Amino acid sequence: MAGKKYNTPLIDDLEKGPWPSFVTEMKKAAKNNEMANDALGHLEKCYTTRKGYWKHGGIVGVLGYGGGVIGRYSEIGDEFPGVAHFHTVRINQPSGFFYTSKALKEICDIWDKYGSGLTNVHGSTGDLVLLGTKTEALEPIFAEYSSRGWDLGGSGSALRTPSCCVGPGRCEWTNYDTLDLTYNLTQEFQDELHRPTFSYKFKIKASGCACDCVAAIARADLSIIGTWKGPIKIDQKEVQNYAKTMDINAEVVGMCPTQCMSYDGKELQINNAECNRCMHCITRMTKALSPSGERGATLCMGSKAPIVVGSLLSWVIVPFIKLEAPYTELKDLIRKIWDWWDENGKPRERIGEVIEIKGMRSFLEAIGVAPQPQQIKEPRKDPFMFYTDADMVKFKAKEAEEKKTGKYNF
Amino acid sequence: MALPQRKTDVGPPHYKQFLPPIVQKNYGKWKYHEVINPTTMVHVAESGDKLWTVRVASPRILATDTIREQCDIAEKYCDGYLRYTTRNNVEFLVSDEKKLEPLKKELTAKGFKMGGIGYGITNVVHTQGWVHCHGACTDASGLVKAMMDELYEYFDSKRLPNKVRLAVACCVNMCGAVHCSDIAVVAVHTKVPEINHETFKNMCELPTVIGSCPTRAISPDPAKKSIKINEQKCMYCGNCFTVCPPISIKNPEYDGVAIVVGGKINSLRSNPKFSKLVIPYISNEPPRWPKAVAAIKHIVEVYAKNAKKNERVGEWIERIGWEKFFKLTGIEFTFQSIDDFTFMRDTMRTASTFKW
């Protein structure tokens, strides 16, 4: 079936060496697939000229959706007809990236029938990415997958496919059910995911603890980071076992950022009131230490990559929220967040940027979250601030009250 | 053959049907885990059940036949269950220790590469590059392959003071957490884009293009019904090109890569941090980008030699000071490492307490 055999000396070099080779993968697909074969020739040309040849995405998709397919056309489609159209289809992955072989093989069989046979398992956001198909194949692809219970992921100015860490599936550190929350939110917000109506993209990522295995703090507009409120439980017997192979003072106590621990060679002690729950000690001594008490998450917002006005890490917005199905409090909050963004954002402004422009106060007031010291690293250092009339009424009323009681209330 | 009836808004399938029975049984009741070696770890549940994980490298671009091979192995050893990680590795989970060695033997025989667990280097988060992106100023997959071939020992055997998370972004859009990685490559343009004024008026929306520029370098050019770009202000981010195809920024001779270091995303010990620019420019040298790869390996080696146990690259550098980092690595300090975009106020030194 394969058509033209391309001479590909430059990318052939990337088949050598110990790390698995994407070129080998492309060649594997190219054996039975014209599109993958032309993708090889196309890539060799990029390597030769040191330049890409893909055009901007066109508007392609499936009926009733505004996203899930990324249009991709080559500038040199005449030379490589197999990649003249080479659209990407995003399939919404299951929470935690768990699969059965049966499901995956079915995904592969459909893809071989309609596309290049090339995939990304997975894309950066989390979708299972099917790489390269033609416009006329999109509706059949959607019918095949959706009838079997698979749906498309998000793209464009919409809710992007939420993703999460492995959580309770295989981790002792998670503080809430990341898999369930991600599934639940994805189902709740199907309309926002498939039909772009936002100013720009909106990403939700759920990590079960401060290890943040999905990098939520760095790349999600809403970063949900698991945490807890109780003391760290200590199993002193296991501490002694660790002491046999580990210098506990150097590797754990000495690296505690709040210096709330001590170890005298017999017993490990933690001053929990001073602990900031960074997870270092727990990750180093997981058999001996574990969180306890109330579990939930810190909600942080606004992170993004550098485009347009520089990278942001997410800011703490809600220091603690309980996360139990059906997650009503969180869902209500998300809707309020989107309403405010809708009112205030211009096209291609991520929510973090809009918060910077409009001010954190405007945002917090709109979503009904009180100012709290946990939200900041330090208070403002300049004296340029707003006083609303309501603020002044409140300050004056407080002072009047103080005069009455004779007791200051700072 | 007639197509099946399409359905909309069904969302992803429920994850529970994909969880191995041992995971369903011990869901949320894991007690601890141990890293046995770079290829294997074991999770122990409160019930006493044990679950071994074998992690396998992936080039992220997978042919369907490779996925099928992974599935066949999962059927043979893992009751047909498997999972992938956020860094695109594939994981085989076994609840019967007796299956562990045969599984590994077969993975080796089939040419799969095991590793990536614990204090070393695991798979590189990266973007599409020339393989599939319109805005790429380098190829991400090729760079990753070249880097990991050179750093392979840190994947499957050799250990480091802590994890070193690597990433590659093929443009400053950074579709991945490149901006918070221990060491990352970000591809850059270095020349002001050219404008095709003829097609501009038909293809682009003036306010959108002007608004796309973070440095306000774009202004209207009414005579041409197009725009002009102020060369003194343009930082070649390519955002205008993204919203307007007639603006061309690709430049094979001058596009290249920059190296950033010291980022992290977890909160262990110290807060999450951005990666910072240390090498502003290396030419694109496909297929193996030898200078970029050598630079990364060099930084890894200097870190390995100098950091304390458990220190990430960024924590080590903050302890010794950036001036010391440049000294230890011998990397030339350039103007590009001084922020003149949005972070100058935060990044200039305001004390005389530095090291010589």
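**View 1. Strand S4 (residues 118-120) of chain A runs antiparallel to S5(A), joined by two bridges.** Strands are DSSP runs (E, at least two residues) and helices are DSSP runs (H or I, at least four), numbered from the N terminus; two strands pair if DSSP finds at least two bridges between them. In this pairing Asn120(A) stands opposite Val129(A). The model is predicted: local features need pLDDT of at least 70, side-chain atom pairs count only at pLDDT 80 or more, and totals for chains, interfaces and linings use all residues. Residues are numbered from 1 along each chain as its sequence is written, with chains lettered from A and ligands numbered from 1 in the order in which they are written.

**View 2. Strand S2 (residues 88-91) of chain A is joined to S5(A) by four bridges.** These two strands run antiparallel, and Arg90(A) stands opposite Val129(A).

**View 3. Strand S5 (residues 128-131) of chain A is covered on both faces.** Leu128(A) and Leu130(A) are buried on one side, Val129(A) and Leu131(A) on the other. A residue is buried if 20 or more other C-beta atoms, placed from the backbone, lie within 10 Å of its own.

**View 4. Helix H4 (residues 101-114) of chain A packs against helix H2 (residues 64-77) of chain B at an angle of about 160°.** Their axes, lines fitted to C-alpha atoms over the stretch in contact, are 9 Å apart. Angles run from 0 to 180 degrees between N-to-C directions, and those over 145 count as roughly antiparallel, so H4(A) and H2(B) are roughly antiparallel to each other. Residues making the contact (C-beta atoms, placed from the backbone, within 7 Å) include Trp111(A) of H4(A) and Ile67(B) of H2(B).

Key:
A residue is buried if 20 or more other C-beta atoms lie within 10 Å of its own, exposed if 12 or fewer, and partly exposed in between; C-beta atoms are placed from the backbone. Angles under 35 degrees count as roughly parallel, over 145 as roughly antiparallel, 65 to 115 as roughly perpendicular and the rest as oblique. Two residues are in contact if their C-beta atoms, placed from the backbone, lie within 7 Å.
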